[in-house]
Amino acid sequence: MFIFDKGNLTGVDIGSYAVKVMKIKGTTDKRSLEAVGYSKLNHLTFPEDNSRVSEILRNLLSTHRIKTKKAAAVLPGGSFTMAHLYLPNMPKKDMKEAVRWEMRKQITFSPEELVCDFTTIGEIKRGEESMLSLIAFCAQKKDTNQLIKILEDALLEPLIIDVAPMAMLACFDYNNVWENGVNYSMIDIGDSKSTLAVFKDRKLMFAREIAIGGREMTMAVMNKLACAEDVAEKEKIRCEISSGSNQKDRRSEAEQEIIDTVSGVVERLAAEVHRSFDYYQAQFREGSVSKIFLCGGSSRLKGIDSFFENIIRIPCFIDDPLRNIKVEPKKFEAMKIREFAPDLVVTVGLALKCQ
Ligand SMILES: Nc1ncnc2c1ncn2[C@@H]1O[C@H](COP(=O)(O)OP(=O)(O)OP(=O)(O)O)[C@@H](O)[C@H]1O
Ligand SMILES: [Mg+2]
């Protein structure tokens, strides 16, 4: 049997802090990293700075010699809505319409502006009727068009516009061995927000965006020390949070102040995560989460995995999205790829998509 490789797409993750691009080559279980590019956005805002973002993207693609124009990207945080729906089983075309109809109830903009998609969780019986359980996503056309324009201005051809939880699932699926019936959670702790997803049996079961991320940690340090943002960020990155008090004696008062400030934000995030898991368990009766995988730039905060584990009481790991992808050390070591790999989960998920 021949497998024709039409090639993978260029993955593009435009976050609020940084843009990441990636090209992966190879098929099925023999993939290797071809190119990766990373550029901070230094507070550019959307849509005011869209043309500047396109320029950064174009430069990244040419610097890293990424020639595949066909691209996959995700909608920015806050620009889409998710809902868990139960609908009678019907042909896919009708289902699209039914989802659209349901999602009309969730929006505040005109229905003509609505774009929808969904992923199926499973079938359940309600009396005689067979119902489909699914997660629907919807966004406003102006937001998808804006993203498409940024990509096109960077001379890319957007083939797939997805949402972060689905890209996270694609990355997790490629890198992990699934145990039947086990709930895994992946939490992408970014800059402006964190994306929580629960996966089970290779499906997305639950997703939620939490408006807490690395920027809030930096801002908290900035306020505490009354210093500039770049100084606060450096202090944040330097500190190590821990839930035990055994190291307190060895730290200076100033150091402890920063740690307490950052810990306060992480504690609130962990509480939101805990609440989400409780809701997932109570609402959908799918059992408890067995393992948590942290990713995103803020998952590089020292000590965050054990800090989370102590609060939530679920084993917690920092994810490596390149675990099953061959990375040539000579080509990528200089850019310290291993260090910032957790930031690349969404980009990897997108770069795994095929034409
Ligand atoms: N070593 C580190 N320790 C702690 N925080 C870090 C570290 N490295 C980066 N960060 C933080 O990670 C955040 C950026 O993460 P990431 O690149 O995942 O965000 P993004 O994808 O651009 O944003 P978003 O997904 O929220 O739109 C910043 O707040 C940055 O300060
Ligand atoms: Mg992100």
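Strand 4 (residues 70–74) is mostly covered, with four of its five residues buried. The model is a predicted one, in which local features need pLDDT of at least 70, side-chain atom pairs count only at pLDDT 80 or more, and totals for chains, interfaces and linings use all residues. Residues are numbered from 1 along each chain as its sequence is written, and chains are lettered from A and ligands numbered from 1 in the order in which they are written. A residue counts as buried if 20 or more other C-beta atoms lie within 10 Å of its own, as exposed if 12 or fewer do, and as partly exposed in between, with C-beta atoms placed from the backbone. Helices (H or I, at least four residues) and strands (E, at least two) are DSSP runs, numbered from the N terminus.

Two strands pair if DSSP finds at least two bridges between them. Strand 1 (residues 10–14) pairs with strand 4 in the parallel sense, over three bridges. Val-12 stands opposite Ala-73 of strand 4. Strand 8 (residues 157–162) also runs parallel to strand 4, and five bridges join the two. Here the bridge partner of Ala-73 is Ile-161 in strand 8. Strands of a sheet pair through backbone hydrogen bonds, either parallel or antiparallel.

Angles run from 0 to 180 degrees between N-to-C directions, and axes are lines fitted to C-alpha atoms, for helices over the stretch in contact. Strand 5 and strand 7 (residues 129–140) run antiparallel and are joined by nine bridges. Met-82 has Phe-137 of strand 7 as its bridge partner.

Contact between two residues requires their C-beta atoms, placed from the backbone, to lie within 7 Å. Lys-92 is placed in helix 2 (residues 92–103). Lys-92 is exposed because 7 other C-beta atoms lie within 10 Å. Its C-alpha atom is separated by 21 Å from that of Glu-128, 36 residues apart along the chain.

A further open sheet has five strands in the order 11-10-9-12-13, with mixed pairing. Its edge strands are strand 11 (203–210) and strand 13 (316–318), each pairing on one side only. The twist averages 20° from one strand to the next. Strand 10 (residues 194–200) and strand 11 run antiparallel, joined by seven bridges. Phe-199 has Leu-204 in strand 11 as its bridge partner.

Helix 4 lies across strand 9 (183–189), strand 10 and strand 11, and runs at about 50° to strand 10. Helix 4 (residues 164–175) has 12 residues and reaches 17 Å from its first C-alpha to its last, close to the 16 Å expected at 1.5 Å a residue. The expected span is 1.5 Å times one less than the number of residues. Helix 4 is mostly covered, with nine of its 12 residues buried. Among them are Met-166, Leu-169 and Phe-172.

Lys-193 sits in the loop between strand 9 and strand 10. Lys-193 counts as buried because it has 23 C-beta neighbours inside 10 Å. Not counting residues up to four places away in sequence, Lys-193 touches Gly-77, Gly-78, Glu-209, Ile-210, Ala-211 and Gly-213. The C-alpha atoms of Lys-193 and Gly-214 are separated by 7.7 Å, with the two residues 21 apart along the chain.

Gly-214 is one of the buried residues of helix 5, which also include Glu-216 and Val-221. These buried residues pack against strand 9, helix 6 and helix 7 (253–284). Just after helix 5, Ala-226 takes a positive phi of about 50°.

Ligand 1 is surrounded by 22 residues, the closest being Gly-15, Tyr-17, Gly-190, Gly-214 and Gly-297. A residue is near a molecule if its C-beta atom, placed from the backbone, lies within 6 Å of it. Helix 5 (214–225) and helix 6 (229–238) each supply at least two residues of this shell. The shell divides into four nonpolar, 11 polar and seven charged residues. Ala, Val, Leu, Ile, Met, Phe, Trp, Tyr, Cys and Pro count as nonpolar, Asp, Glu, Lys and Arg as charged, and the others, Gly among them, as polar.
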